Amino acid sequence: MVEELVTAGVTAASAGAVYLMAAARVVKQYERGVVFRLGRLRPAVRGPGFTLIVPFVDRLRKVNLQIVTMPVPAQEGITRDNVTVRVDAVVYFKVVDAADAVVQVEDYRFAVSQMAQTSLRSIIGKSDLDDLLSNREKLNQGLELMIDSPAIGWGVQIDRVEIKDVSLPDTMKRSMARQAEADRERRARVINADAELQASRKLAEAAQQMAETPSALQLRLLQTIVAVAAEKNSTLVLPFPVELLRFLERAAQPAPAAAQQSVPATARPVPEAVQEQRPSEAARMDPDPEGSIFGHDQIRRTAPPVTPS
């Protein structure tokens with residue numbers, strides 16, 4: 001009798017141990033357990049720690065609540081300004097309702113991935129190329145809203161979405177490089193022109209100051225000579241002061257009047273009446289080839305009449 005009781009006790013203990021092993025479950029801290037009893041969802045979600053279920057009746061499914069990093073495959077599309085690009089992104093999401101993530105969608109990871117790809121294609125078609133390259137924050141927010149709207153019903157919360165890379169065709173890259181180079185050259189020319197304008201203003205002020213003080217120009221000339229001589233050059237070019245030329249020009253202006261006053265009487269021009277009375281030198285020196293006295297007649301006609309005393 002005692003042996004039968006011992007045997008029954010051992011059998012019951014073994015059955016209890018087997019039942020306990022079959023019913024015992026351990027849920028980790030970052031997980032939640034969703035229990036289905038005969039296919040029906042139990043309202044209580046099992047928290048982290050040790051828990052028991054009914055063997056062969058209940059089925060426990062664990063759901064990870066950690067943030068999931070999911071890369072979105074590169075999607076090729078045409079932007080609003082008709083440029084073909086390839087864009088890939090990264091989606092960060094987590095499960096906030098374990099029961100909905102199991103019941104409402106078959107595979108929430110696959111669903112989020114497909115929704116992210118579709119939303120990324122839609123964002124590419126609605127955006128310009130400049131927005132994809134320089135205004136990514138706004139596009140990331142719009143992409144997050146597009147994915148998060150249907151994901152709320154799946155018990156999934158989109159933490160953030162980041163556009164990772166934008167691939168452009170080689171022809172577009174070359175065009176953008178030429179545009180950037182032209183823009184930089186334009187800015188360089190504008191800066192250079194602005195510098196020339198400022199320098200011209202300063203030079204005008206310096207010229208005005210030197211015009212008021214002529215000795216400043218001479219000091220500036222000496223300073224230039226010192227600066228050039230410091231380079232140990234074999235040839236030294238000295239600029240000729242403009243003020244010296246002006247001085248010489250002012251000094252040469254009264255010269256013609258003084259010269260006219262100092263000319264002797266013999267060198268002064270003879271009046272036209274006297275010139276007409278004097279016979280020409282050619283008439284006196286060259287007689288008529290036919291032997292006539294044309295020259296002497298001309299002398300007599302041109303000679304002034306003699307009045308008797």
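## Gln75 and its surroundings

A polar contact of 3.5 Å links the side chain of Gln75 to that of Gln117. This is a predicted model, so treat every distance here as computed from predicted atoms. Gln75 sits in strand S6, which covers residues 68-78. Is Gln75 buried or exposed? Its relative accessible area is 5%, under the 20% cut-off, so Gln75 counts as buried.

The Gln75 side chain also gets to the backbone oxygen of Pro73, at 3.1 Å. Leaving aside residues up to four places away in sequence, Gln75 touches Val85, Arg86 and Val87, along with Gln117, Leu120, Arg121 and Ile124.

## The three-strand sheet

S6 belongs to an open sheet of three strands, ordered S6-S7-S8 and paired antiparallel. S6 and S8 (156-167) are the edge strands, each pairing on one side only. On average, neighbouring strands in this sheet are turned by 25° against each other, ignoring direction. Helix H3 (residues 108-126) packs on the sheet and touches S6, S7 and S8, with its direction at about 35° to that of S6.

Strand S7 (residues 84-95) and S8 run antiparallel and are joined by ten bridges. Within that pairing, Val91 stands opposite Val161 of S8. Then there's helix H5 (residues 136-151), which lies across S7 and S8 and runs at about 140° to S8.

## Strand S2 and its partners

Over to strand S2, residues 31-37. Five of its seven residues are buried, so S2 is largely enclosed by the rest of the structure. S2 pairs antiparallel with strand S5 (residues 58-64) over seven bridges; in that pairing, Gly33 has Lys62 of S5 as its bridge partner.

S2 also pairs with strand S3 (residues 40-41), again in the antiparallel sense, over two bridges. Here Phe36 has Leu41 of S3 as its bridge partner. The S2 and S3 hairpin has two residues between the strands, and Leu38 takes a positive phi near 55° there.

## Salt bridges

How many salt bridges are there? The count comes to seven. One of them joins the side chains of Asp58 and Arg37, at 2.6 Å from N to O. Asp58 lies in S5 and Arg37 in S2, so this pair ties together parts that are 21 residues apart in sequence. Asp58 is buried, at 7% relative accessible area, whereas Arg37 is partly exposed, at 29%.

Arg160 and Glu162 form another salt bridge, with their closest N and O atoms 2.3 Å apart. Arg160 is partly exposed at 41% relative accessibility, and Glu162 is also partly exposed, at 22%.

Pro169 is in the loop between S8 and helix H6 (170-212). With 31% relative accessibility, Pro169 counts as partly exposed. Pro169 and Thr84 are 85 residues apart in sequence, yet their C-alpha atoms are 7.3 Å apart in space.

Further along, Asp183 forms a salt bridge with Arg187, the closest N and O atoms being 3.5 Å apart. The two are four residues apart in H6, so about one helical turn separates them. Asp183 is partly exposed at 29% relative accessibility, and Arg187 is partly exposed at 40%. Through salt bridges that share partners, Asp183, Arg186 and Arg187 join into one network.

Note on methods: Residues numbered from 1 in each chain as written. Predicted model: local features only at pLDDT ≥ 70, side-chain atom pairs only at ≥ 80, totals over all residues. Heavy atoms only, no water. Buried < 20%, exposed > 50% of the residue type's maximum accessible area, 1.4 Å probe, protein only. Pairing = 2+ DSSP bridges. Polar contact = N/O pair within 3.5 Å; in protein donor to acceptor, adjacent residues only side chain to side chain. Contact = heavy atoms within 4.5 Å. Axes fitted to C-alpha atoms, helices over the stretch in contact; angles between N-to-C directions. Salt bridge = Lys/Arg side-chain N within 4 Å of Asp/Glu carboxyl O.
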